[in-house]
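Reader: I've got a model open on my screen and would like a quick walk through its fold and its pockets. Could you take me through it?

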Amino acid sequence: MSANNPILTPVPVVLAGARGHGRWHLAELRRLEAAGLVRLAGVCELSPLDATELEGFDAPAQSADLDALLAATGARIAIVCTPIATHAELALVAARRGARLLLEKPPAPSYAEFLRMTEGITAAGVACQVGFQSLGSHAVPAIRALIEDGAIGELLGVGGAGAWVRDEAYFRRAPWAGRRRLDGVDVVDGALTNPLAHAVATALALAGAPRAEDVVHIETELSRAHAIESDDTSCVRIVTAAGPQVTVAATLCAETAAEPYVVVHGSRGRITFWYKQDRVLLQRAGHGPVETVHGRTGLLENLVAHVTAGERLLVPPEVTGAFMRVVEAVRCAPDPVALPEEFRRTVREGGGQRRTVPGIGRLVDESAETLRLFSELGAPWARRAEAVVR
């Protein structure tokens, strides 16, 4: 092999949390291992994975002790995909071992934990990528370029909408699911902070307000139709330092699931981004609509390129600071309002059941369209709480 085409040694990776959402990371590791970019060196789980779960991998080391596993394998990258309350501590364990991090979202359950983690990572001198996969979409810089070029005029605000369906079993999948706290420790597993967190982070990114200092004021409206602690039907308004506001409305109680999206409102047009599909629709005065589909860079692939070639990270912790301000506002808000029976329904299907909120899909869309909260749209069950971010 010539000097211009050096032989690359696969980067050894340890995965902490290989079940649940961790299965998605296993699939990504299989893909990148087949491309010769990584090698799964170890798996950290409370109980070892069996041969079926590790199909396609060459017997990685297994341990319930992440520190010992990193020491034994010499892994250069650690993926942390464990319960939310463990993120910060395990990230610091990996950082002290010199491992670069791919840390699942939300990166921490509180802003104080986020600061403790980022300070420790900085002190250790290691790189960290936060797992907001939507921010790896090539549509994000393309939309920001359109905004900055004035394609839709003055930026007025950004709205996010997520209407998903989750059954009651979803909230029983783990002890921390649907909890605000567990055994006195913050969890903050709500619609805005976990399942539809991408809508919040993507809206903030498109508004040009991804950092903690970009946030001035936050209002939340948290409610729940399921018998849980956390919110399953909620919205948030974020006032940014630059002026434009960001609103995100999210529910796990839709009558019918819909593709989540973010819409950028301008004085002369709008841009809609269906972030799971990397699909963008540009609509502006005097022009026909233009729809484009963009590529995406995987965050693990980007982290490997950072480790091996110094490529810029797509989602370092500092560009999730505004999102963490939202997590903190949700954490500190009053407990979610339990929706009265008259405003929810129980649907039985497939041997299980779920709760729905009639008309919530329309409300979520109206919030994104008008940048108004549920209470401002006439929802009788909505209760507003405010947090001034200092």
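Reader: How many helices and strands does the protein have?
Author: This is a predicted model, where local features need pLDDT of at least 70, side-chain atom pairs count only at pLDDT 80 or more, and totals for chains, interfaces and linings use all residues. Residues are numbered from 1 along each chain as its sequence is written, and side-chain values use heavy atoms, with hydrogens and water left out. Helices (H or I, at least four residues) and strands (E, at least two) are DSSP runs numbered from the N terminus. On that count, the protein has nine helices and 20 strands.

Reader: What is the radius of gyration of the protein?
Author: It's taken over C-alpha atoms, and the globule rule is 2.2 Å times the number of residues to the power 0.38. For 390 residues that rule gives 21 Å, and the protein comes close to it, so it is as compact as a globular protein of that length. The radius of gyration is 21 Å.

Reader: Which strands pair with strand 12?
Author: Two strands pair if DSSP finds at least two bridges between them. Strand 7 (residues 155–163) runs parallel to strand 12 over seven bridges, with valine 158 opposite valine 246. On the antiparallel side, again over seven bridges, is strand 11 (residues 233–240), where isoleucine 238 has valine 246 as its bridge partner.

Reader: Is strand 12 mostly covered or uncovered, and how many of its residues are buried?
Author: Buried means under 20% relative accessible area (exposed is over 50%, partly exposed in between; 1.4 Å probe, protein chains only). Strand 12 spans residues 245–251 and is mostly covered. Its buried count is six of seven residues.

Reader: What volume does the largest pocket have?
Author: On a 1 Å grid over the protein atoms alone, a pocket is an open set of points where a 1.4 Å probe fits, with protein on both sides within 12 Å along at least five of seven lines; lining residues have an atom within 4 Å of a point. Grid points are joined across faces, edges and corners, and a volume is the space filled by probe spheres set on the points. The largest pocket has 40 lining residues, with Gly20, His21, Gly22, Cys81 and Glu104 nearest its centre. Its volume is about 1,300 Å³.

Reader: Which helix gives the most to that lining?
Author: Two elements give two or more residues to it, helix 1 (22–34) and helix 3 (87–96). With three residues, the top contributor is helix 1.
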